[in-house]
Amino acid sequence: VTGQEVGTSLSAIVSNPSASGKVYKINSLVVSNIDGTNAADITAEVFKNQTTGYYLAFTISVPPDATLVIVSKDSSIYLEENDSIRLQASAASDLSAVCSYEEIS
């Protein structure tokens with residue numbers, strides 16, 4: 001499990017290094033709005049081979065004091081070597097994210 005506050009620039013929450021010899025199974029990706037007053041937008045992408053982004057969510061509004069499940073056990077995804085999941089918020093310090101994953105050899 002890894003977690004982070006989501007900033008206004010795309011930033012990786014989980015990365016599978018090149019030549020790791022592993023696949024990462026992403027079990028869940030959950031984003032919470034920790035601002036009690038304002039909504040904030042989340043963008044999440046799979047960054048394939050550190051060159052091309054594919055959106056999991058694009059500017060989805062997360063209401064104040066609410067949680068958005070982007071990936072769940074019913075929709076798990078796999079990251080190959082040199083892939084990552086990157087997040088970006090519309091406002092700094094409003095969103096917090098947690099990603100649960102397994103390394104598979």
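**Close-up 1. Arginine 86 over the ring of phenylalanine 47 in the predicted model.** The charged end of arginine 86 lies 3.6 Å from the centre of the phenylalanine 47 ring. The charge sits over that ring.

**Close-up 2. An open sheet of four strands.** The strand order is S2-S8-S4-S5, with antiparallel pairing. Strands S2 (11–15) and S5 (52–62) each have a single partner strand, so they stand at the edges and one side of each lacks a neighbour in the sheet. From one strand to the next, the twist averages 20°.

**Close-up 3. The antiparallel pairing of S2 with S8.** Strand S8 spans residues 84–89. Four bridges join S2 to S8. Serine 11 stands opposite leucine 87 of S8.

**Close-up 4. A stacked pair, tyrosine 24 and tyrosine 101.** This is one of two aromatic pairs in the structure. The ring centres are 5.0 Å apart and the planes meet at 20°; the cut-off for stacking is under 30 degrees, so the pair is stacked. The pair links distant parts of the chain. Tyrosine 24 belongs to strand S3 (residues 23–33) and tyrosine 101 to strand S9 (residues 95–104), 77 residues apart. Tyrosine 24 is buried, at 6% relative accessibility. Tyrosine 101 is partly exposed, at 26%.

**Close-up 5. An edge-to-face pair, tyrosine 55 and phenylalanine 58.** The two rings are 4.7 Å apart, centre to centre. Their planes stand at 65°. Tyrosine 55 has 52% relative accessibility and counts as exposed. Phenylalanine 58, at 48%, counts as partly exposed.

Key: Residues numbered from 1 in each chain as written. Predicted model: local features only at pLDDT ≥ 70, side-chain atom pairs only at ≥ 80, totals over all residues. Heavy atoms only, no water. Pairing = 2+ DSSP bridges. Helix = DSSP H or I, 4+ residues; strand = E, 2+ residues; numbered from the N terminus. Axes fitted to C-alpha atoms, helices over the stretch in contact; angles between N-to-C directions. Phe/Tyr/Trp six-rings, centres within 6.5 Å; stacked < 30°, edge-to-face > 60°. Buried < 20%, exposed > 50% of the residue type's maximum accessible area, 1.4 Å probe, protein only. Lys NZ or Arg CZ within 6 Å of the ring centre and 35° of its normal.
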